[in-house]
Amino acid sequence: MSCINVALLGFGTVGKGVYQSINSHQSRLEQVLGKRVRVVGILVKDLEKHKQSKKDGLVLTDSFEDILAISDLHVVVDAIVGCEPGNVYLKKAIEKGCHVVTANKEMFAHHGEELLALAKENGVTIGFEATVGGGIPVIQTIKQLLQVNRIKKVEAILNGTSNFILTSMRKEGHSFDATLKLAQQNGYAESDPSNDIEGHDAFFKGLVLSQLIYGKTPENHTTSRRGIRSITADFIERASELGLRFRHIVTLYKENGQIHCQAEPALVSSEHPFYQVEGVQNGVSIDTDLVGNIQLNGPGAGMFPTASAIIEDIIQINRPVPAAPSFVEFQEEAEESSKWVLFSDKVDIKLPYVSKVLARRTDKTLVVETDNIEEILTENPLVTCFSLKGGYLHTPEKVTI
Ligand SMILES: NC(=O)c1ccc[n+]([C@@H]2O[C@H](COP(=O)([O-])OP(=O)(O)OC[C@H]3O[C@@H](n4cnc5c(N)ncnc54)[C@H](OP(=O)(O)O)[C@@H]3O)[C@@H](O)[C@H]2O)c1
């Protein structure tokens with residue numbers, strides 16, 4: 001029986017997950033593909049650390065040239081960290097005629113467009129399911145939808161660490177710093193957590209989705225990125241009293257021909273699908289013109305969920321379905337959120353012009369509906385505001401204390 005030969009770049013959480021899953025699911029892969037899948041090469045940074053993984057017939061190396069020299073190499077899996085050297089390695093692999101699969105969202109957010117073009121030129125495929133939402137089949141679902149639907153808007157919780165921290169702060173009533181420490185102790189946050197809590201990781205995933213849906217990433221001036229570091233226990237308590245929960249949400253849509261990508265903390269009511277997405281889970285909500293709203297929830301990271309996404313890509317590459325037509329442009333204007341939650345510490349909030357107050361906890365905590373939030377913020381420079389997603393059925397009378 002012939003084989004699909006795979007090289008893994010990186011042998012950390014994701015690389016090991018792929019290696020173990022290919023071995024544990026070998027007979028299933030044979031049934032599905034009619035071929036064995038074999039890991040024939042592994043690239044690492046520190047060879048000494050991995051010497052116990054050395055095996056006959058396996059090229060274990062710290063030099064990418066050794067990987068490129070493997071004859072009959074079919075698929076290169078990128079499971080290393082950061083833009084470089086992953087980008088250069090994948091270019092070389094594509095030029096050699098290998099298909100590639102990547103889990104590296106930072107690299108793909110920055111270089112996806114050129115890599116996809118290069119792959120097309122060389123007649124090979126790039127799988128990137130694992131870059132967004134870990135084990136949740138977000139990319140395949142969107143590709144499938146794009147065959148006939150137009151995607152109007154995507155909202156998504158794409159960083160499990162941030163969602164874990166926001167959920168724990170609300171449930172336990174602890175400060176941001178104490179909860180971050182707990183997340184680090186439980187392995188949900190890195191020792192340097194800035195990529196997650198400053199919103200970079202979620203933003204990169206938003207860029208990957210933009211590339212998929214619109215065929216390109218947005219201009220800098222139509223993007224925004226804010227992490228969860230500024231969310232205090234007090235904000236969380238006040239939001240809870242209004243029946244709201246904090247989430248870190250990526251919003252992607254097109255308006256007046258421009259792609260917008262925002263990654264920032266927002267509030268959701270119990271009517272919003274993300275209200276129940278708790279802990280390290282991820283959630284994706286896709287608004288389309290024909291099928292309507294589709295929601296996907298599940299594990300957004302981890303060894304085996306991510307391995308599952310990578311192996312699904314290896315299967316798709318070797319058993320391709322007909323490609324979707326070129327990217328569908330959606331020109332209709334997406335509806336912009338006009339509901340906001342305003343928090344003030346010391347002074348009462350002044351509403352400068354006709355804004356509808358949906359709920360008033362005190363004059364320092366308001367839920368308003370407005371089409372000019374900038375004017376309110378100019379009038380109240382010390383106010384912190386968060387977008388409120390989804391419906392909000394509270395009446396001012398119900399909530400006013
Ligand atoms: N962890 C997840 O749940 C998850 C989920 C989705 C996507 N991802 C993405 O998947 C990628 C890998 O994540 P991970 O969690 O597996 O990271 P990890 O545990 O830190 O492993 C990284 C691996 O890459 C190797 N490496 C790093 N720099 C290298 C270089 N310059 N040349 C060769 N090898 C190099 C390391 O080698 P040594 O072992 O020798 O140090 C290590 O084996 C990242 O891009 C991440 O964003 C991760």
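This is a predicted model: local features need pLDDT of at least 70, side-chain atom pairs count only at pLDDT 80 or more; totals for chains, interfaces and linings use all residues.
Colleague: What about F11, how far is its backbone N or O atom from a ligand oxygen?
Modeller: For F11 the distance from a backbone N or O atom to an oxygen atom of the ligand is 2.8 Å. A polar backbone atom of V14 is also 2.8 Å from a ligand oxygen.

Colleague: And how much of the ligand does the protein bury?
Modeller: The protein buries 79% of the 900 Å² that the ligand exposes when taken alone.

Colleague: Which residues come nearest to the ligand?
Modeller: There are 22 residues around the ligand, and the nearest are F11, D46, H50, I80 and G302. The ligand takes up the space of the largest pocket.

Colleague: You mentioned V14. Which residues does T306 touch, leaving out those up to four places away in sequence?
Modeller: V14 is one of them.

Colleague: Where is T306 found?
Modeller: T306 is in helix 12, which runs over residues 303–318.

Colleague: Is T306 buried or exposed?
Modeller: T306 counts as buried because its relative accessibility is 6%, and the cut-off for buried is under 20%.

Colleague: How far apart are T306 and G17, along the chain and between C-alpha atoms?
Modeller: They are 289 residues apart along the chain, yet their C-alpha atoms are separated by 7.6 Å.

Colleague: New topic. Where is Y275?
Modeller: Y275 sits in the loop between strand 10 (258–268) and strand 11 (281–288). H272 is found in that loop too.

Colleague: Why does H272 count as buried?
Modeller: H272 counts as buried because its relative accessibility is 6%. Y275 is buried as well, at a relative accessible area of 14%.

Colleague: What does the side chain of H272 reach?
Modeller: The side chain of H272 reaches the backbone nitrogen of F274, at 3.0 Å. Not counting residues up to four places away in sequence, H272 touches E155, K389 and G390.

Colleague: And which residues is Y275 in contact with, leaving aside neighbours within four places?
Modeller: Y275 is in contact with G243, R245, R247, V268, S269 and S270.

Colleague: Now the backbone. Which peptide bond is cis, with omega near 10°?
Modeller: The one from E84 to P85. P85 is in the loop between strand 4 (75–78) and helix 4 (86–95).

Colleague: Why point that out?
Modeller: Because most peptide bonds are trans, and most residues other than glycine have a negative phi.

Colleague: What is phi of D72, then?
Modeller: Phi of D72 is near 55°, a positive value, and D72 is not a glycine. D72 lies in the loop between helix 3 (64–68) and strand 4.

Colleague: And what is phi of N256?
Modeller: N256 has a positive phi of about 50°, although N256 is not a glycine either. N256 lies in the loop between strand 9 (245–255) and strand 10.

Colleague: Does N256 count as buried or exposed?
Modeller: N256 counts as exposed because its relative accessibility is 59%, and exposed means over 50%. D72 counts as exposed too, at 57%.

Note on methods
Residues are numbered from 1 along each chain as its sequence is written. Side-chain values use heavy atoms; hydrogens and water are left out. Helices (H or I, at least four residues) and strands (E, at least two) are DSSP runs, numbered from the N terminus. Buried means under 20% relative accessible area, exposed over 50%, partly exposed in between (1.4 Å probe, protein chains only). Contact means heavy atoms within 4.5 Å. A residue is near a molecule or strand if one of its heavy atoms lies within 4 Å of it. A polar contact is a pair of N or O atoms within 3.5 Å; within protein, one must be able to donate a hydrogen and the other to accept it, and residues adjacent in sequence count only if both atoms are side-chain atoms. Accessible areas come from the Shrake-Rupley method with a 1.4 Å probe; for residues, only the protein chains shown count as cover. On a 1 Å grid over the protein atoms alone, a cavity is a set of points where a 1.4 Å probe fits but cannot get out, and a pocket is an open set with protein on both sides within 12 Å along at least five of seven lines; lining residues have an atom within 4 Å of a point. A molecule sits in a cavity or pocket if more than half of its atoms lie within 2 Å of its grid points.
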